[in-house]
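Biologist: Please take a close look at one part of this model, the helix packing, and describe it in one connected account. Give the cut-offs for each term as it comes up.

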Amino acid sequence: MQIFVYKNIPIRLHISFLALVLLYIGYTGLKSGMFHMALISIMCILIFGSVLLHELGHALVARKLGYKTRHITLYPFGGIAALEMSQKNMADHPGDEFRIAIAGPAMNMVIAMFVLPLVFLKVPLCAELLIVNLAMGIFNLVPAFPMDGGRVLRSWITPRKGVQKATKIVLRVSFWFAWAFIVIGILNKLFMLPVIGILLLVTIRSESLRINNKTIGFLSRYF
Ligand SMILES: [Zn+2]
């Protein structure tokens with residue numbers, strides 16, 4: 001579902017995102033009353049804004065470097081900036097890959113910097129917004145595909161080993177992170193972590209297949 005267009009980039013909401021958010025807000029309203037429902041609604045909008053700005057960070061730096069963004073789509077567990085690689089493939093430009101990848105977490109850090117003074121002024125929900133942005137920025141720098149840190153790592157290895165070898169190395173690192181997330185998540189009953197671990201394994205599998213076919217197509221999607 002398209003919600004608006006910013007600098008020629010269509011911004012979309014996946015229907016599952018909307019359904020989940022509305023269900024959650026409705027559930028909070030029934031359980032804890034209108035005040036909490038309003039609070040949760042505002043928090044959802046703030047998180048939505050943070051994810052959107054993270055993706056716009058990727059998209060706007062990509063645009064400066066000559067890559068078009070087909071769309072930005074927000075899902076319940078994060079967003080995707082779908083870049084176009086028809087004129088220029090990022091695999092041949094590790095410097096571009098690095099700048100585009102780092103722009104997302106950098107945007108979260110900028111938001112955190114703006115929010116920090118408001119936390120000291122005890123403005124409601126700002127402490128939560130700060131934590132969300134710090135967590136989003138730092139977690140995305142874990143050096144595993146499909147997170148931004150995985151791309152940063154590959155962009156460092158590519159100039160020395162070539163993109164194929166660099167991708168294989170990052171895939172191996174990602175594999176260990178995926179299983180670490182699954183095990184740590186289960187042991188500590190943090191059920192978001194195994195979900196992320198499985199997402200990593202799915203990405204690793206599809207990217208390994210592409211590497212064996214010598215095409216690197218996955219590159220076009222930034223989380
Ligand atoms: Zn990102």
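Modeller: H3 and H4 pack with their axes 8 Å apart and at an angle of about 160 degrees. Axes here are lines fitted to C-alpha atoms, for helices over the stretch in contact, and angles run from 0 to 180 degrees between N-to-C directions. That angle makes H3 roughly antiparallel to H4; angles over 145 degrees count as roughly antiparallel, under 35 as roughly parallel, 65 to 115 as roughly perpendicular and the rest as oblique. The crossing of H3 past H4 is left-handed, a term used if the near helix is turned anticlockwise from the far one by less than a right angle, with right-handed used if the turn is clockwise. Helices (H or I, at least four residues) and strands (E, at least two) are DSSP runs, numbered from the N terminus.

The model is predicted: local features need pLDDT of at least 70, side-chain atom pairs count only at pLDDT 80 or more, and totals for chains, interfaces and linings use all residues. Residues are numbered from 1 along each chain as its sequence is written. The pLDDT is the predictor's confidence in each residue, from 0 to 100. The protein chain averages 86, and 95% of the residues score at least 70. Helix H3 (residues 94-120) has the highest confidence in the chain, at 93, while strand S5 (residues 221-222) has the lowest, at a mean of 70.

On the H3 side the contact is made by Pro105, Asn108, Met109, Ile111, Ala112, Val115, Leu116, Leu118 and Val119, and on the H4 side by Cys126, Ala127, Leu129, Leu130, Asn133, Leu134, Met136 and Gly137. Two residues are in contact if their C-beta atoms, placed from the backbone, lie within 7 Å. By class, the contact of H3 with H4 has 14 nonpolar, three polar and no charged residues. Ala, Val, Leu, Ile, Met, Phe, Trp, Tyr, Cys and Pro count as nonpolar, Asp, Glu, Lys and Arg as charged, and the others, Gly among them, as polar.

H4 (residues 126-139) also packs on helix H2 (residues 34-64), where the axes come within 10 Å and cross at roughly 30 degrees. H2 and H4 are therefore roughly parallel to each other, and H2 passes H4 in a right-handed crossing. H2 contributes Met43, Leu46, Ile47, Ser50 and His54 to the contact, and H4 contributes Glu128, Leu129, Val132, Asn133 and Met136. Six of the residues in the contact of H2 with H4 are nonpolar, three are polar and one is charged.

H3 has a further partner in helix H5 (residues 148-161), with an angle of about 160 degrees and axes 8 Å apart. H3 and H5 are therefore roughly antiparallel to each other, and H3 passes H5 in a left-handed crossing. Pro94, Glu97, Phe98, Ala101, Ile102, Gly104 and Pro105 of H3 meet Asp148, Arg151, Val152, Arg154, Ser155, Thr158 and Pro159 of H5. The contact of H3 with H5 divides into seven nonpolar, three polar and four charged residues. In the loop between H4 and H5 lies Pro146, joined to Phe145 by a cis peptide bond with omega about 0 degrees.

The domain assignment gives domain 1 (1-139) and domain 2 (142-223), with bounds from an automatic or database domain assignment. Their centres, taken over C-alpha atoms, are separated by 21 Å. Domain 1 puts 19 residues into the contact and domain 2 puts in 15 residues. On the side of domain 1 that touches domain 2, strand S4 (78-83) and H3 each supply at least two residues, and H3 gives the most, with eight residues. That side of domain 1 has 14 nonpolar, three polar and two charged residues.
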